[in-house]
Amino acid sequence: MKFGSAVVLLLAAAVVVAILPGAAPADTAAMRPERARPVVIASKPFGESYLLAEMFAQLLESEGIEVQRRPGLGATTVAFDALRSGAVDAYPEYTGTGLLAILHEEPRGDAQRVFAEVQKQFTERYGLRWLPPLGFENGYAISVRAETAQRYHLATLSDLATVAPRLSAGLSPDFIQRADGLPGLSRAYGLRFQSVRPLDQALKYRALASGAVDVVDGYSTDGLIARYDFTVLRDDLHFFPPYQAAALVGARLLRDDPRAVAVLTRLSGMLNDSTMRVLNERVESEHQPIARVARDALHDLHLGGVRNDSATAADASSGAGRSTFLAYLWGRRASLAAQTLRHVELVGVSLLAGILLALPLALTLERASRAAEPTLRVLGLLETIPSIAILAFMIPLFGVGFWPAVVALWLYSLYPIARNTYTGVRDADPAAVHAARALGMTPMQVLRYVRTPLAAPSIMAGIRTAAVINVGTATLAAFIGAGGLGEPIATGLALADTRLILSGALPAALLALIVDAVLAQVERWTTPAPLRHRTAR
Amino acid sequence: MPAPSLSFENVSKSYGAVHALADVTLSVDSGECLALVGESGSGKTTLLRCINRLVDPDGGMVRIDGRDASALDVIELRRSIGYVPQEGGLLPHWRVSRNVGLVPWLRGAPDAPLRAEEALELVGLPTATFGERWPDELSGGQRHRVAVARALAGGQSLMLLDEPFGALDAITRHDLQRMVAELRARRPLTIVIVTHDIHEAMFLADRVGVLHAGKLEQVATPAVLGAEPATPYVAHLLARAELLRS
């Protein structure tokens, strides 16, 4: 058969066979913990976490320990699930977050007691260990513009509570949800904002600066607070628990690699608040490469000035000087190429898998029409799950990295392909179907030789829709460590680095156009000539 | 081999509360052309489709050369019967030759292209000119000729015409009617044609069956039908056709 599904499948298979060898090896390590593998160091998606993780990584590398970096994992749950599942070996975490967001316990006592508590519970419940604290605290900081503070005479959160009904807040989604965030804070201070908008970690400082919101949350060592000259309101009722930073280490590393654990422990007690603010300022405001800032910091701590040749997502922020954007992109060409390739792999593999399931499924549904609408509705329901949520669901099942992202993207691709295929074959030229049946085609022959080729344009429309959606959604896969063009976007967002964001977003948009154009050509090949004429005329 | 004979024995079919066919008994001789006429909803198309089992009767039996059609393999049965649907029903993504060779190809006949060529000649369309065209590159009349060729390319000697020429202009329709008449002269063919056009029925058929609300009102030769309508409905139908003609 020249037309129809066979050709679509073959082409898709060819595309994926071409890219799969590149896709597979990178992540099998995460899938098979029993094999010797590098120490996987992760971070959450904000500057300080990137920096600390990079310091962990370089310190390990200075001792000849191989490291794999997974910067910018979603939020607390994503990073913690990744650590628990063994996909990640260590990441910087804060004791207060461990107590409230992970253990779901009430805040209690001073820093030492909280550390002792999380240490005990994490060991008992999860087999994880907190290394001794790094030496600084990074608690929540509620900030306002300096002029707002002056106008309302705001110095503390109690002051804020009196004028909050006139102010709008932009808070990270994480903060709005968690017990140690907005709900608890509102109770403690009787806070009622005029409005609360969920804003990304990095966007909200800009939103505050531009006047779009009046109050934001953040961390007390955020460099951007100093850059914009915001006023941090004092937590006069001591609502926020202590947030001591420490390396949180997974079971595998504790069991198999005591040397790596010992090396990481060297950082304990070495950092303080002011050091961190300066380092964060360099990363967040001056957009210095994280690798360099980490190297300098380790050097100053006499923990070695390690050369780091490996390209990291953090390295991507090397916003060298004031060169043009094109020159900037050119400077990033190596990592951009790798990220684009990874992006294509994510989209290609998930799309092929989507075609392999959705196409036969939809053709089956044509034969079992009673099951069709319920089945399609379930697939449609998958589309309504927020991308970041579906990505997070994948972590306990598949760890972090390439494959869980592929599974999530695959789930998203099913509905457009199945719906368009089903509608296409169901509504295929009724006169032709009737004649084919009446002249003695079996139902399978009608499906194969009449309905499917006539539905080719509709099937391809579904595949194109799924492909373009996946190119966009795949940018979010960076939050579970899958890489791709989302990596510079996520890092750029975390560091408020517009050029870095654009260096991921523009290629992603371009990729969407190219993928659509390529599939338009495939559509021309798979669509029977007279149907093609009909649309062209 | 002579063309098959047909018989309907007390054939009934209901769709819910609607009796599409009520106890129809009728026979068609080998080589005969029977026209079924009646208004929309009279049951004429349902009766036709009982022959190639696009419709399965609720009661009664259809026999083809004396054999119970419901006992035959339905796919084989359909491949052995030529069928021309209302709009022609050509597969738009197949070229003319491939459309015509459909049934031989389904049977796995290696000479399908040759059979297609013969059938096209039969309906007056030379393969050299028309074989490689797409259906949408043909005129309405040509499309219907191709549909007739497709119905005969498998060597079928029973042909069902399901309101075949209704959508065509009067001149083209007449050409096609003459073509069907000539086909009958050239090879043994039993034909059942459903039409709402009494003149077409009178012109083509040896006998005409008039259906009304699922019941067979009368079966007779055109001459007898015109001279002695059996029921007031048949008389009414004929009178109206006369009126329409003038």
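Tutor: Two residues are in contact if their C-beta atoms, placed from the backbone, lie within 7 Å. The model discussed here is predicted.

Student: How many residues does the contact take from chain B and from chain A?

Tutor: The contact has a side on each of the two chains. Chain A gives 19 residues, and chain B gives 17 residues.

Student: Which elements give two or more residues to the side of chain B that touches chain A?

Tutor: That side of chain B has ten nonpolar, three polar and four charged residues. The elements of chain B that give two or more residues to this side are α2 (74–79) and α4 (102–106).

Student: Why does the radius of gyration of chain B agree with a compact globule?

Tutor: The C-alpha trace of chain B spans about 50 × 45 × 35 Å along its principal axes. For 246 residues, a compact globule would have a radius of gyration near 18 Å. Chain B agrees with this because its own value is 18 Å.

Student: How many helices and strands does chain A have?

Tutor: Chain A has 537 residues, and 52% of them are buried. Among its contacts between residues at least 6 apart in sequence, 79% join residues at least 24 apart. Its secondary structure comes to 25 helices and ten strands.

Student: Is α21(A) roughly parallel or roughly antiparallel to α22(A)?

Tutor: The axes of helix α21 (residues 430–438) and helix α22 (residues 443–473) of chain A come within 10 Å and cross at roughly 170°. Angles over 145 degrees count as roughly antiparallel. Therefore α21(A) and α22(A) are roughly antiparallel.

Student: Which residues of α22(A) make the contact with α21(A)?

Tutor: By class, this contact has six nonpolar, no polar and two charged residues. From α21(A) come A432(A), V433(A), A436(A) and R437(A). From α22(A) come V446(A), V450(A), R451(A) and L454(A).

Notes:
Residues are numbered from 1 along each chain as its sequence is written. Chains are lettered from A and ligands numbered from 1 in the order in which they are written. This is a predicted model: local features need pLDDT of at least 70, side-chain atom pairs count only at pLDDT 80 or more; totals for chains, interfaces and linings use all residues. The radius of gyration is taken over C-alpha atoms; the globule rule is 2.2 Å times the number of residues to the power 0.38. Helices (H or I, at least four residues) and strands (E, at least two) are DSSP runs, numbered from the N terminus. Ala, Val, Leu, Ile, Met, Phe, Trp, Tyr, Cys and Pro count as nonpolar, Asp, Glu, Lys and Arg as charged, and the others, Gly among them, as polar. Axes are lines fitted to C-alpha atoms, for helices over the stretch in contact, and angles run from 0 to 180 degrees between N-to-C directions. Angles under 35 degrees count as roughly parallel, over 145 as roughly antiparallel, 65 to 115 as roughly perpendicular and the rest as oblique. A residue is buried if 20 or more other C-beta atoms lie within 10 Å of its own, exposed if 12 or fewer, and partly exposed in between; C-beta atoms are placed from the backbone.
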